[in-house]
Amino acid sequence: MKEIKLMKGNEAIAEAAIRCGADGYFGYPITPQSEVMETLMALKPWETTGMVVLQAESEIASINMVYGGAGCGKKVLTSSSSPGVSLMQEGLTYLAGAELPCVVVNVVRGGPGLGTIQPAQSDYFQAVKGGGHGDYKLIVLAPASVQEMADFVDLAFDLAFKYRNPAFILTDGVIGQMMEKVELAPFKPRWTNEEIEKNHPWATMGKKQRKERNVITSVELDPYKHEDLNKKLQAKYRLIQETEVRLEMIACEDADYLLVAYGASARICEKAVEVARSKGIKVGLLRPITLFPFPTLEIKRLAAQVKGILSVEMSAGQMVEDVRLAANGVVRVEHFGRLGGIIHSPSEVVEALENFFLKA
């Protein structure tokens with residue numbers, strides 16, 4: 001029998017983490033994502049699956065706890081919101097450099113600085129371009145529903161371990177706080193140490209499991225070896241770009257104009273497509289589900305058939321840069337967004353489209 005619950009997006013993250021066999025969660029409270037840890041504490045998975053749930057003393061501590069668990073081949077995750085994720089950037093680049101799988105959830109709020117506790121999408125650059133130092137990439141998933149908040153936890157772990165790379169769930173305060181029905185996945189057992197040692201031989205399992213010393217680190221002082229490591233990483237990122245693009249298209253094949261949006265903005269744009277078409281304007285929507293890898297080739301294909309593209313984001317314009325690169329000058333690309341935690345309406349999106357492309 002299917003198990004269906006009404007829950008917040010943040011609560012769905014917590015439920016999904018337990019059900020997918022996660023070994024540990026290390027986090028620190030910050031609005032609007034605090035319910036992730038609060039739900040885990042209420043569910044007490046340490047009494048059922050043995051999953052560790054710990055409130056660290058800071059976001060810096062939590063991401064380094066994730067580093068330790070990931071180094072042992074365990075399924076570990078953390079969650080935070082924008083300023084907290086900023087504090088995690090050094091740890092994230094260490095994880096990427098050491099090729100360690102983990103899941104990080106960012107329920108974005110407005111900035112810069114402490115900003116507001118209201119929702120925003122202004123952390124796109126930080127997630128997709130790499131908020132820390134060095135030439136690294138995160139796998140970035142962008143859920144647009146509470147169901148996807150739940151589904152993407154397991155998917156993020158699968159991708160993280162497949163490529164030995166941190167996976168990022170970039171969501172926002174709208175999806176994190178809204179309530180919807182969720183069909184919950186069945187419980188998966190946690191991996192045993194024997195399974196980890198067999199399937200993930202890179203993992204550090206301690207002296208009992210290994211005869212030789214095994215240290216996981218991102219340090220390499222020999223420049224030639226470090227260059228080889230970076231080339232290996234870049235080859236991996238190219239493979240991810242070639243094989244793991246995920247997207248959704250709505251009414252695109254006959255569209256004269258294209259909206260590109262993710263997360264909460266995509267939900268709004270889906271309604272905007274209906275509003276525009278009721279006015280006789282043929283509009284389609286492309287929703288990137290993966291922000292890295294980005295659906296560059298599909299946007300390039302559609303750019304050749306439409307008269308204009310509008311990137312819709314709750315920001316001053318960040319994803320629009322990647323949309324423009326994908327369009328490559330073939331068609332005009334504009335940006336529309338609201339700032340300060342204000343959420344745009346479908347009618348505002350249609351009005352922006354008309355102002356940019358249909359008015360002389």
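Author: The buried residues of α12 pack against β9 (247-250), β10 (257-260), β11 (283-288), β13 (308-312) and α13 (319-327). Contact here means heavy atoms within 4.5 Å, and helices (H or I, at least four residues) and strands (E, at least two) are DSSP runs, numbered from the N terminus. This is a predicted model, in which local features need pLDDT of at least 70 and side-chain atom pairs count only at pLDDT 80 or more, while totals for chains, interfaces and linings use all residues. Residues are numbered from 1 along each chain as its sequence is written, and side-chain values use heavy atoms, with hydrogens and water left out.

Helix α12 covers residues 296-303, and its buried residues are Ile299, Leu302 and Ala303. Seen down the axis of α12, these fall within an arc of 105°, so they line one face of the helix; the arc is that of the directions from the helix axis to the C-beta atoms. The face turned away from that buried side carries the exposed residues Leu297 and Lys300. Buried means under 20% relative accessible area, exposed over 50%, and partly exposed in between, with a 1.4 Å probe and protein chains only.

Now to a pair of helices. Helix α3 (residues 59-71) and helix α5 (residues 89-97) pack at an angle of about 15°, with their axes 9 Å apart. That makes α3 roughly parallel to α5, a label for angles under 35 degrees; over 145 is roughly antiparallel, 65 to 115 roughly perpendicular and the rest oblique. Axes are lines fitted to C-alpha atoms, for helices over the stretch in contact, and angles run from 0 to 180 degrees between N-to-C directions. At this contact, Ile63, Val66, Tyr67 and Ala70 of α3 meet Gly91, Leu92, Tyr94 and Leu95 of α5. The residues of the contact divide into 7 nonpolar, 1 polar and no charged. Here Ala, Val, Leu, Ile, Met, Phe, Trp, Tyr, Cys and Pro count as nonpolar, Asp, Glu, Lys and Arg as charged, and the others, Gly among them, as polar.

Asparagine 10, in helix α1 (residues 9-19), counts as buried because its relative accessibility is 0%. Not counting residues up to four places away in sequence, asparagine 10 touches several residues, including Pro32, Val107 and Met149. Leucine 159 lies in helix α7 (residues 146-163) and counts as buried at 5% relative accessibility. With the residues up to four places away again left out, leucine 159 touches Ile139, Leu141, Glu244 and Arg246.
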